[in-house]
Amino acid sequence: MKDTHASGTADESTVYLQRLVEGEGENPWLQRQLSHGFKGVYLELAKLELRYRGQDAPALNTDNFEPGLRRVNERLDCADFVLPAFLVILNRYKGEALLDEALCTRMEEAVLGYKYWLDEPGEEINHTCFFTENHQALFHTLEYLAGQIYPQRVFSNNGETGEWHKNHGLTYLKRWLSWRSRFGFCEWLSNEYYSEDLGAMMLLAEMAEDETVKRQAAMLMDILLFDMALHSFKGALCGTSGRMYLWGVLNPEASETNAAAALLWGGGMTDGRMSISAVLMAVFHYECADAIRAVAQDKQKAIEIRQRVGFNVEDSWRYGIDPAEPDNIMLYWAMHSFFHRLVIDSSRAVTPEWYDKNTAVEAHLEHFRLMEAAGLHADPDPNDSALTQADIYTYKTPHYMLSCVQDYRKGRTNFQQHIWQASLGGRALVFVTHPGASDYTGRPNYFVGNGIMPKATAYKNILISIHRIPPVHKYLGTHAYFPVHEFDEFTEKVGWLFGRKGDGYIALRPLKGQGVWKEKNADLYKSMSPATWEAEYARASKYEYWVAGHANAWICEMGDKTSYGNFNEFVNAVSKARVEGDTFSLCYDSPSLGLVETGWQKPFKVAGKEIATKDYPRYDTPYCKEEFDTRQYKIECSGNSLALDFNTMERCSCKRP
C-alpha cells in the first residue's frame, strides 16, 4: 500500500475512481444506488480522493451525504456500511478546500453519537443487525478506529471516552480476527458480504495503530481475495455461497465484489460499479499479492478445488472452544446458530431484553427445558439460517465452472444458502432450487435459497441434487433456473435440457416427471435489474423449468468442445445415457465419468469409487494445500508465492523474477 497524494499518476486506482465519478449522470446502476440507497457518500469519497491526488474532480454533491447521515443518526440497519466513508473522510481530508467544515462537523457528531455494540444503552427500535459475520467486522473495526481518532472525546451515547471505545472495540475485534484466520468465513463466497469484510479489513490495514491488528487484517484480506480468485469464472464470483441475494445470483457480473476484482486483477465489471471495498481499495491504493492475482488469471485446462469453512457446533471442543462461554457467543451468532442447544444459555446471557432476538431466545430456551423435563427429543439445531461446516467443491475449466457445497444440511429449511451453480460465463448460469416463497426479495425467496435444502454432491463435471420435500409444504415441486436467452444454443431431448455458451456445454434433467416452462415474470426483472428491467424483460425468453413432485433428483453434466467435440455430439452422448432409480437409490451412466451412484442416505460414488464430501481440508487446491484450523497458509502460482503465518504475523510475498 502506498499513498499517492498529489501524484497525478493515472494508475488503476485513479482510473477506477475517475470512471466512478464520471458515471454519476450516466451509469444506470450508480443512479439507482444514489436514488434508492445510502452509499452515495462513497461517490463523494472518490471525488475527494481524486482532488487529494491532484486530479480533476466534480464538486461535491452534498445531497449524497444526507441518506447516510440519516441512517447513522437514526441508527437504522446497515448504518455501519456508511461509517467507513465518514471515518476516512474525517481522518484523511479534513481541512481540504473541497470539504465544507459544517459537513465535517455533522459527520463527526454522527460518529461520536453512534451506538457501537449491543452492550451500549438505548433500544434499537429499527432492529439494527449487529451479529452477522460482516456486521461484526464492521462494528468492531469502526468502534476501534473511532476511538483511536478521537481518544479524548466523549461519545455521547454511553458517555465513555474514545480511549474506552478503542479498547472495547479492540477486545471484540481480536476475537473476530482470530476466528476468521482459523476457520475461514462462514458467509462463504458471498459476492455481497465479502465486499463488506474487505472494506473493514482495508480500514484496519491502512488506519490501525495496533501493528498486530494491522498485519492480521491485511493477511485476512489475502485470504478473502484468494477465495474470490479461486471461485470466480470469467471475472465473476459465481459459485455456491452461504449468503446470496437475487441480483448477485442471477447477474453475478453486477455483484459487490466484482468492482474489486476489476480493480485488482482485471476481472469483474469495468464500468465503474461502486462498492465499499472497491472504493476503499482505490482510495488507499491497495496492491494485490502477485500470487493471488496469478491465481485469478490462471488459465489451466481444469482445476479441482476442495475447501472447508466453519464447523458444526457439536465439534466446538475439538477446536478448544466452549459454546457455553459467553465470550465466544459471537462466533456462534456469526454462524447464525443463536438457538442451538449448546449455545442457547450463552445467547440468553448476552441478549438484552430490548433486542429483537430476545423473544426467540426465550422461546427456544423454554422449549428445550420443557421437552427435556418431559423426556422428549427436541431438535438441538433449529436454526434455518445456520452457517455451519461447509465443504465446498468447485471444478473449473476455461469453458465452465461447477460449484457445490457438498451434502449440506439436507432436508432442513433454508435462508440464503445457494447450494450449487453451473456457470458458463456472464448470466449463462444454471441451478435448481425448491422455492422458499413466492416473492423475489425474501430470504429465502422464489429463486434464492431453498424451502427445503437438497442433498447435492458433485465431482468434476457431474452434479446430482436430490430433493425430498415434506408433504405439508406449500411447494411440492422443484424448478431449474435455465435462462435460454443467455445461451448461444439450446435444445431439449428425451427429458434433458441442453445449452451451449461459447465452447462450454451443459445438460440438465430431472430424474422423474415431465417439466413445464413457466411464463416469464416482469417482477423478477424489476427485482434483479431495477435500473434496466424493461430492456432486460423484453430480451428474456423462457428461464424457469418447473417439475412437480415432492421427491426428485436433478442430474447435471457439463462438457466442452475439447472433451466432446461439437455441441451435437455432447447432446447425443448425454441423451443416450442410462438414468434410473429414485431419490433413495439412483444411478446415472455418465458418458464422461462412468457410473455415478448416490441416494438420500447413500454415499456418492463415481466409477465405483466413493467420493469424499465431508471434512475437507481448509484448502486442497493446485495453489494451496492446508489442513483445517491452520494458522499458516502458503499460496503459489506461476512462480509467485505468498506465505501467511498468523502465529508470528509474518507475511511474505514473492514475485516471479
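Guide: A charge is said to sit over a ring if NZ of Lys or CZ of Arg is within 6 Å of the ring centre and within 35 degrees of the ring normal. This is a predicted model, in which local features need pLDDT of at least 70 and side-chain atom pairs count only at pLDDT 80 or more, while totals for chains, interfaces and linings use all residues. Residues are numbered from 1 along each chain as its sequence is written, and side-chain values use heavy atoms, with hydrogens and water left out.

Visitor: What makes Arg308 lie over the face of Phe628?
Guide: Arg308 is placed over that face at 3.7 Å from the ring centre of Phe628, and the limit for such a distance is the one already given, within 6 Å.

Visitor: Why is the pair of Trp188 and Tyr408 called edge-to-face?
Guide: Rings of Phe, Tyr and Trp (its six-membered ring) pair if their centres lie within 6.5 Å, and planes under 30 degrees apart count as stacked, over 60 as edge-to-face and the rest as tilted. The centres of Trp188 and Tyr408 are 5.1 Å apart and their planes stand at 70°, so the pair is edge-to-face.

Visitor: Why does Thr433 count as buried?
Guide: Thr433 has 3% relative accessibility and therefore counts as buried, a word that means under 20% relative accessible area, with exposed over 50% and partly exposed in between (1.4 Å probe, protein chains only).

Visitor: What joins the side chains of Thr433 and His479?
Guide: A polar contact of 3.0 Å joins them, the term being used for a pair of N or O atoms within 3.5 Å, where within protein one must be able to donate a hydrogen and the other to accept it, and residues adjacent in sequence count only if both atoms are side-chain atoms.

Visitor: Are Trp188 and Tyr408 buried or exposed?
Guide: Both Trp188 and Tyr408 are buried.
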